[in-house]
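Keep the structure open as you read.

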Amino acid sequence: MTLINRVKKLFSQKADADDVQLRVIPRDEHSISRTNISEPALKVLYRLRKAGYGAYLVGGGVRDNLLGLSPKDFDVSTDATPEQVNALFRNSRLIGRRFKLVHVVFGREVIEVATFRAPPSEEHSDKVSRQGDQGMILRDNVYGNKDEDAMRRDFTINALYYNIDDFSVHSYAGGWDDLKAKQIRLIGDPATRYREDPVRMLRAIRFAVKLGFDIEAKTAAPIRDMAPLMTQVPAARLFEESLKLILAGNALDTVRMLRDYHLFEPLFPSAEQRMQEDDYAVSLIENTMRNTDARIQSGKSVTPYFFLAALLWPQLNKVRQKYEDDGMAPHPALQKAADKVLQEQVKATAIPKRFSIPMREIWEMQLRLPKTRSRKAAELTQHPRFRAAYDFLLLRQQSGEDLQELCDFWTEIQKDHPPAASRSHDRRSDGAGERNDGQRRRRPRRRRNGNNNRS
């Protein structure tokens, strides 16, 4: 079966010649330099080539370099199988079942190596390739060549390969032109590609906001109607995707765009409901995103539990008030409301306990902070979650609650009783050692096992 016929079968529509045409951009016509590629990525590329395998830098590492940005990750694509790659690098591990990959670990940097993929055919068993009833890819381990691999990628601007043999860039499906035109465009039929992996809708938003690109009309058209497909995605994966969306430094624009395309509700259903019904919820959540962006852009760290606590605060208040109206005391009402709100939220995005526990502490501190006449008020500044709770109080005031007198009290008392430096919210360590990406310190940066988008 020819490449074009396989692509036709994959996307269930006639493919134009331009869709599969390879364009080679020579070294003197692009801006990528090996000095802008991490040393570990170069080591992986050259060792694969020395062993006789084809190897290319691919996806986001190429795209961002061409745009003059600093890539967060470097991915490698090769004709070596995962097992062959794993055997070549002692510092590597095989990961994934749905989409088998190799992570080559260099200290805290991880180079992800993927084998070229090809469209599946009828002779392939469910053990290597399988789709769900609605077209979602459940397993994708059919190996092919570079041309086939390019057509399996999601967006044209990710179908870019850097060749270390002659330092050229290989562009497929018009990716080079789309990069110049600042356009996000899916390869193939958008509806089919979204059914294969609904997370591609989130990625379209993330890339558009991050890069300042427009989403091409045909790529954007099905998103609002297909947004309910997000419920098919495992909650753990959606949590990781939500962190990428919010921690990229453009959270406010991202949330607004997600809401416009009906994609915020599948991630945070109760937050979306409150934002539709309550202007305060809109103000609180948008201020949270605005403040998060400001911290990231100024080089400060952010812990996910703080903005997650803010996202769920309006719903928590509503549920807590109902319990109090039924006669329950404030603290038990808050605890029961927290149980209910978190139980509902984890059905959409699976928040780990290392985040949900400090979220609860921030919420509970909001009931303790108003007790300013207590003789133990000063001692509260030494609570491990005080600084986060204080910042949360300021956020509530900023968003429309009448809390100025309370904020002034806790601002003044810190002059004589500063919070313990090791617990400072400014450092955002809070004893748990989280980083911006939600992972714990001292671990290599890892991305989700089985990622089928490869940006």
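Which residue in β6 is the bridge partner of His103? In β6, that partner is Glu112. Before going further, a note on what you're looking at: this is a predicted model, where local features need pLDDT of at least 70, side-chain atom pairs count only at pLDDT 80 or more, and totals for chains, interfaces and linings use all residues. Residues are numbered from 1 along each chain as its sequence is written, and side-chain values use heavy atoms, with hydrogens and water left out.

Back to the strands. β5 (residues 101-106) and β6 (residues 109-115) run antiparallel and are joined by 5 bridges. (Strands, E, at least two residues, and helices, H or I, at least four, are DSSP runs numbered from the N terminus; two strands pair if DSSP finds at least two bridges between them.) Zoom out and you'll find 8 strands in an open sheet of mixed pairing, ordered β1-β10-β9-β2-β3-β6-β5-β4. At the edges sit β1 (22-25) and β4 (92-95), each pairing on one side only. From one strand to the next, the twist averages 30 degrees. Helix α3 (residues 39-50) packs on this sheet, touching β2 (55-58), β3 (75-78), β5 and β6, and its direction makes about 35 degrees with that of β6. Axes here are lines fitted to C-alpha atoms, for helices over the stretch in contact, and angles run from 0 to 180 degrees between N-to-C directions.

After α13 comes His262, with a positive phi near 65 degrees.

His262 also turns up among the contacts (heavy atoms within 4.5 Å) of Ala227, along with Met201, Tyr261, Leu263 and Pro266, leaving aside neighbours within four places in sequence. Ala227 is in the loop between α11 (223-226) and α12 (235-246). At 4% relative accessibility, Ala227 counts as buried.

Technical notes
Buried means under 20% relative accessible area, exposed over 50%, partly exposed in between (1.4 Å probe, protein chains only).
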